[in-house]
Amino acid sequence: MGWAIALHGGAGDIPRTLPPERREPRLATLRRCLDLGAAALRAGRSALDVVELVVRELEDCPHFNAGKGSVLTTDGTVEMEASVMDGAGMRCGAVSGLSTVVNPISLARLVMDKTPHIYLAFDGAEAFARDQGVEVRDQNHFITEENIDRLRNAKEANRVQIDYTQYNYTQPICAPNDNDDDNSRTGTVGCVAVDASGSLASATSTGGLVNKMAGRIGDTPVIGAGTYANALCAVSTTGKGEDIIRHTVARDVVAVMEHRGLPLEEAAARVVAGVPRGSVGLVAVSAAGEVTMAYNTTGMFRACATEDGYSEVAIWPASA
């Protein structure tokens, strides 16, 4: 038993021809955030503090689809969402429909810590953010030229796009074009951790889908779908939110461990295999310090480290 941490930056049909100038900044950010989280765990910080810390850093990075890098709705607006769950007592907080909050994950934690509720959205969540004095910016802060271009391209192709993958609700998922600039921009972020005391936590944050309908809510803020933690393990997911919600992916990993007695890696693999191919990725840690990073997409930006010295930062399967 010991501390462990895992994080992701989105899953999808990530082409192996992804140019270095698009690949390396994401990997460098994952390495930096992994080091930050591992150092915090070594210093004795709680799993809950660590997952918030790491996801805040990822939200501040424009290379990922969360916070500063959030993608745009069909109206050209930003609607960010996030959730956090503390395995101790199964406390949780979630937010969606945010357009001005710099770090949605910290507002989700404030919902958990400061209100009798679990989930606040849109105007109510924005008002709560102002009441709590969290950092806010004009929406233009979040709207980048790259994401304006992505929205324009998505509209021209009449498609809605998930992390690294093109998706149209009336058509099957398209095969990726290795040269498609849209296919390799950003991804949902998440982090799970178990600290030295065995306490677990999970946090997930996203801007959603490119060209999504205004008001659409995905799996990220849905406890049990995009985020889950209890005394046994912690899970954060990424991918096509509608499928993740239907299959209650995060909670199902825990349920398979609880009711089938399977170890973490086997439980996660079984759950991921039951979701439509190309739809999901997840990172998870157990109270025993196990780590797994499972996905049924071409790849997933991911990283992990454990107290015994193991670490990994990767995109694609090592054997492929």
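Select A193 and A201: these two residues are bridge partners, A201 being in strand 8. The model is predicted, so local features need pLDDT of at least 70 and side-chain atom pairs count only at pLDDT 80 or more, while totals for chains, interfaces and linings use all residues. Residues are numbered from 1 along each chain as its sequence is written, and side-chain values use heavy atoms, with hydrogens and water left out.

Next, show strand 7 (189–194) and strand 8 (residues 200–206). Strands here are DSSP runs of E with at least two residues, helices are runs of H or I with at least four, and both are numbered from the N terminus. The two strands are antiparallel and share six bridges; strands count as paired if DSSP finds at least two bridges between them. In the hairpin they form, five residues lie between the strands, and G198 has a positive phi near 90 degrees.

Now colour strand 7 by side. V189, C191 and A193 point one way, and G190, V192 and V194 point the other. In a regular strand the side chains alternate between the two faces of the sheet. Buried means under 20% relative accessible area, exposed over 50%, and partly exposed in between (1.4 Å probe, protein chains only).

Finally, select T188, in the loop between strand 6 (165–167) and strand 7. T188 is buried, at 5% relative accessible area. An unreviewed UniProt entry labels T188 "active site"; UniProt positions use the numbering used here, feature names are shortened, and annotations may be inferred rather than shown by experiment.
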